[in-house]
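Student: Could you walk me through how to read a few features of this model? I would like the general idea before each case.

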Amino acid sequence: MRCKRCTEPAIIEIRRHRTSFCSECFLHHCREQVRRAIDKHRMIAPDERVLVAISGGKDSLALWDILLDLDYEADGVYLGLGIDDYSKRSQSFAERYADTRGAKLHIVDIPAEHGFGIPDAARATKRVPCSACGLSKRHLLNRAAIDGGYDVLATGHNLDDEAAVLFGNVLQWHVDYLARQRPMLPATDGFARRVKPLIRMGEREMAAYCVVKRIDYIVEECPMAAGNRHLRYKEVLNQIEERTPGAKATFYLQFLNEMLPHLDQVAAEERSMVGACSRCGAPSSQEICAFCKLVEKVG
Ligand code: Q46
Ligand code: ZN
């Protein structure tokens, strides 16, 4: 197998693009895919300050690496979820990467700052851990971006993640979630702009990127992921992709092109209903925001 760009021996085949690359050309391809996503969806202007949400996993570390290589002013923020050893190990991968690049990493530790971890929150709310985790991440990452004066908050959601979320939203026809499932959510009162520059990159490509760039990341899955619906959706989509390479990208990218424009009105209505939480001031459609309610419940 030869690299389609330079004819050197290839290290990776990407079936949906009907191509293969050597390591140098593969890195070039990854940067180009990210650059294309950023340009097309007007995610980040050249002089803006970016805060990258870092979990210690392959996607977020690769995203940080690519943004730094593309010369963006990008700092990281690691959210300590209080999931025992797993959180400690993930944090050390994040810190090690920041050290090697001489990059700035903010740490927000939920147990230290709010007195509970995600397992406590799951017990108190009697819901799956990912639900308390997701709402805490949205709230605290946004706050970190606003308080730090960043223009934009970037997350490492890749094509596989977004296709799985889309699949779930379509299965249940969650029209309001579909309207919000955008690669770039503009800043509104109290919300920093949120962007997903990895939407054109598959999970396997992100792992390969880290191997080629020798980026150490936490390989094990979060121990609280069991029962996460999106993992099941990913399996189904992988089976389809196996038979029809490119099906996943078509499903998600065509949703952005063909469907999202029809949902602009729904998204605008949702935004107009947002006020401010009476406790913390964060944007919320209720008097008290979901995160403050969670803090009260666990406390
Ligand atoms: S960290 Fe949190 Fe994930 Fe763990 S508890 Fe679920 S949402 S699986 S990306
Ligand atoms: Zn609040």
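Tutor: Gladly! Let us start with a definition: helices (H or I, at least four residues) and strands (E, at least two) are DSSP runs, numbered from the N terminus. This is a predicted model, in which local features need pLDDT of at least 70 and side-chain atom pairs count only at pLDDT 80 or more, while totals for chains, interfaces and linings use all residues. Residues are numbered from 1 along each chain as its sequence is written, chains are lettered from A and ligands numbered from 1 in the order in which they are written, and side-chain values use heavy atoms, with hydrogens and water left out.

Student: Which elements each supply at least two residues of the lining of the second largest pocket?

Tutor: The general idea is that rolling a probe the size of a water molecule over the atoms shows where empty space is left. On a 1 Å grid over the protein atoms alone, a cavity is a set of points where a 1.4 Å probe fits but cannot get out, and a pocket is an open set with protein on both sides within 12 Å along at least five of seven lines; lining residues have an atom within 4 Å of a point. Here the elements are β1 (12-14), α7 (159-171), α9 (203-212) and α10 (229-243). The most comes from α10, with four residues.

Student: How much space lies in that second largest pocket, and which residues lie nearest its centre?

Tutor: The space is about 390 Å³, where grid points are joined across faces, edges and corners, and a volume is the space filled by probe spheres set on the points. Of the 16 lining residues, Arg 16, Arg 204, Asn 238, Glu 241 and Lys 248 lie nearest the centre. By class, the lining has 11 charged, three nonpolar and two polar residues. For the classes, Ala, Val, Leu, Ile, Met, Phe, Trp, Tyr, Cys and Pro count as nonpolar, Asp, Glu, Lys and Arg as charged, and the others, Gly among them, as polar.

Student: Which residues are around ligand 1?

Tutor: A residue is near a molecule if one of its heavy atoms lies within 4 Å of it. Around ligand 1 these are Leu 81, Cys 130, Cys 133, Lys 137, Cys 222, Met 224 and Ala 225. This shell divides into six nonpolar residues, one charged and no polar.

Student: What are the protein donors of the zinc ion (ligand 2)?

Tutor: Donors are N, O and S atoms within 2.8 Å of the metal (3.2 Å for Na, K and Ca); water is not among the atoms, so sites may look incomplete. The zinc ion has the SG atoms of Cys 277, Cys 280, Cys 289 and Cys 292, lying 2.2 to 2.3 Å from it. Cys 280 lies in the loop between β9 (275-276) and β10 (283-284) and Cys 292 in helix α13 (residues 290-298), so this pair ties together parts that are 12 residues apart in sequence. The donor residues are spaced C-x2-C-x8-C-x2-C.

Student: How is the geometry of the zinc site read, and what are the angles among its four donor atoms?

Tutor: Ideal angles at a metal are 109.5 degrees for four tetrahedral donors. Four donors count as tetrahedral if all angles lie between 85 and 135 degrees. The angles here are 106 to 113°, and the site is tetrahedral.

Student: Are Cys 280 and Cys 292 buried or exposed, or partly exposed?

Tutor: Buried means under 20% relative accessible area, exposed over 50%, partly exposed in between (1.4 Å probe, protein chains only). Cys 280 is partly exposed at 32%, whereas Cys 292 is buried at 11%.

Student: Which residues have a positive phi although they are not glycines?

Tutor: Most residues other than glycine have a negative phi. Among those with a positive phi are Arg 42, at about 45°, and Asp 71, at about 70°. Arg 42 lies in the loop between α1 (23-40) and β3 (49-54) and is exposed, with a relative accessible area of 70%. Asp 71 lies in the loop between α2 (58-69) and β4 (73-80) and is exposed at 66%.

Notes: Four donors count as tetrahedral if all angles lie between 85 and 135 degrees; four count as square planar and six as octahedral if opposite donors are over 155 degrees apart and all others between 65 and 115; anything else is irregular.
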